[in-house]
Amino acid sequence: TTTTTTTTTTRTTTRTRMGGGRFEHHARRRRREVTTTTTSAMGDGVPRDDVAVERVVERTRDARASSSTATASSTSTATSTSFGFVRFGFARDAMREYSAVDDDGAAFERARCVARVDGSETEAPTVYVIPGNPGVPGFYETYARELWGAFDGARTIEVIGYVGHTRGEYGCRAWFTLEEQKAHVRAYVERRRRGDDALKTSAPSPPAVIVGHSIGAHLALDAMRHLGTDAVDVVVGLMPFLSVNAKSPTQSVLNFITRLAPLVHAVGKLMDVLRVVAPRVRAALLSPITSVMDVAARDVARAWLGWRGLVNMAFMGRTEFVALRTAVDECPLIAHASGRCAFVYASDDHWAPLHQSDALKRLTTLDVDILVLDDDASSTRISHDFVTSDAASRVMAEHTARLIRQRERAVRAATVAS
């Protein structure tokens, strides 16, 4: 049996608006529609998880677009889904995923596994996960759940999507650079820490942990540098893209392709048209990419890949190739995070090549934990796109949790010693 309940509330929230590459705070009205669907056990005796769906509808003025020739307002419909299940005897809490509109009129998705309430007076640090490019939280759903389980449900795990990198159309025609995504992540983490975001209304949180995958590691280090260690305690980079790999022909080709704007637009428009008129043809064209993915990641990829998402991915990628020209062993963000960060590398990864990890190891003045995964030591091969594999996500979550605990202990020891 299925029961559905819908409620609608309206309230004022404080959000951020992008202007001149930075975020400014202002309040606006938000209409929230909550639909909860509860499904009981089916006839076969197998229990079905309760699913709660939250849809957020927002209208906001698109500051950048209205200053040129684009639309002056946009609408978003957001969805939140909760999942409940059991792992290793611990009840897994909800994974909630939904979309919101930032105050430049561009949507971004967020997903989170909420920490279990155990009656402790001490709040465990939140773990934020910054995706690679594309920054779609749906790809990280399995990884976030596994990371939640690796901490026995004691910590909230929250994935912060990039503005414009969404699976749905929200009426925004703007494209966002690496610098703008960094500003978005900094502002979001700071809002959540202060407790003035719609997700949280309590007092300021303890310093957070930020896990960044690929280019997300650069954004995580940037957040630590700008927000300080009072806000960000530890950073873990998974296959970190911190410097352009001059030895990689693949990156040279990708750098060239991201500059072919007409081609990127044409491919994106073709995907949108085929989604409507020939979905089977579209699925066949995407098969070389999606066939190696597990089911959940495949569904996300098919839903996301379209004109808006593809152009946002390519435009952000173009600005990445321009910005990340400093050698990894000369990166000021890494130097600033010394003693508070850890990196995970894998073989055969041009985004995070082993010669860059070797360069970091040679720096005697740098205190960084570096883990190089050994394919021979594990039955599960870890590649740069590990989030598309459930098994690889599970292994990476276990490594992540161990590195976080290791770095946190080192930070506490250094604090006591000083």
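Trainee: How many cavities of 30 Å³ or more turn up in a search of the whole structure?

Mentor: Two. Keep in mind that this is a predicted model.

Trainee: Which residues line the second largest cavity?

Mentor: T126, Y128, V189, R193, S205, P206, A208 and A231. By class, that lining splits into five nonpolar residues, two polar and one charged.

Trainee: On to salt bridges. Why is the pair E146 and R394 called one?

Mentor: The closest N and O atoms of E146 and R394 are 3.5 Å apart. The cut-off is within 4 Å, so the pair passes. E146 is in helix α2 (residues 141–150) and R394 in helix α12 (residues 390–417), so the bridge ties together parts 248 residues apart in sequence.

Trainee: Is E146 buried or exposed?

Mentor: Buried: its relative accessible area is 11%, and buried means under 20%. R394, at 34%, is partly exposed, since that class runs between 20% and 50%.

Trainee: What makes E408 and R155 a salt bridge?

Mentor: Their N to O distance is 2.7 Å, again within 4 Å. E408 belongs to helix α12, while R155 is in the loop between α2 and β11 (157–160), so this pair links parts 253 residues apart in sequence. Both E408 and R155 are buried.

Trainee: Why is D272 called buried?

Mentor: Its relative accessibility is 19%, and the cut-off is under 20%, so D272 is called buried. R275, with 33%, is partly exposed.

Trainee: Why would such side chains pair up in the first place?

Mentor: Side chains of opposite charge can pair when their charged atoms come close.

Trainee: How many salt bridges does the rule give?

Mentor: The count is 13. There is also a network of salt bridges linking E179, K182, R186 and D222.

Trainee: Where is N255, and what makes it buried?

Mentor: N255 sits in helix α5 (residues 249–257). Its relative accessible area of 14% is under the 20% limit, so it counts as buried.

Trainee: What does N255 touch, leaving out residues up to four places away in sequence?

Mentor: F321 and R325. Touching here means heavy atoms within 4.5 Å.

Trainee: What about the chain as a whole: how many helices and strands does it have?

Mentor: The protein chain has 12 helices and 15 strands. Buried residues make up 52% of its 418 residues. Among contacts between residues at least 6 apart in sequence, 70% join residues at least 24 apart. The accessible surface is about 18,300 Å², with 54% of that belonging to carbon and sulfur atoms.

Definitions and conventions: Residues numbered from 1 in each chain as written. Predicted model: local features only at pLDDT ≥ 70, side-chain atom pairs only at ≥ 80, totals over all residues. Heavy atoms only, no water. Helix = DSSP H or I, 4+ residues; strand = E, 2+ residues; numbered from the N terminus. Buried < 20%, exposed > 50% of the residue type's maximum accessible area, 1.4 Å probe, protein only. Areas by Shrake-Rupley, 256 points an atom, 1.4 Å probe, with all protein chains shown as cover. Salt bridge = Lys/Arg side-chain N within 4 Å of Asp/Glu carboxyl O. 1 Å grid on protein atoms, 1.4 Å probe; cavity = no way out; pocket = protein on both sides within 12 Å on 5 of 7 lines; lining within 4 Å. Points joined across faces, edges and corners; volume = space filled by probe spheres on them. Nonpolar A, V, L, I, M, F, W, Y, C, P; charged D, E, K, R; others polar.
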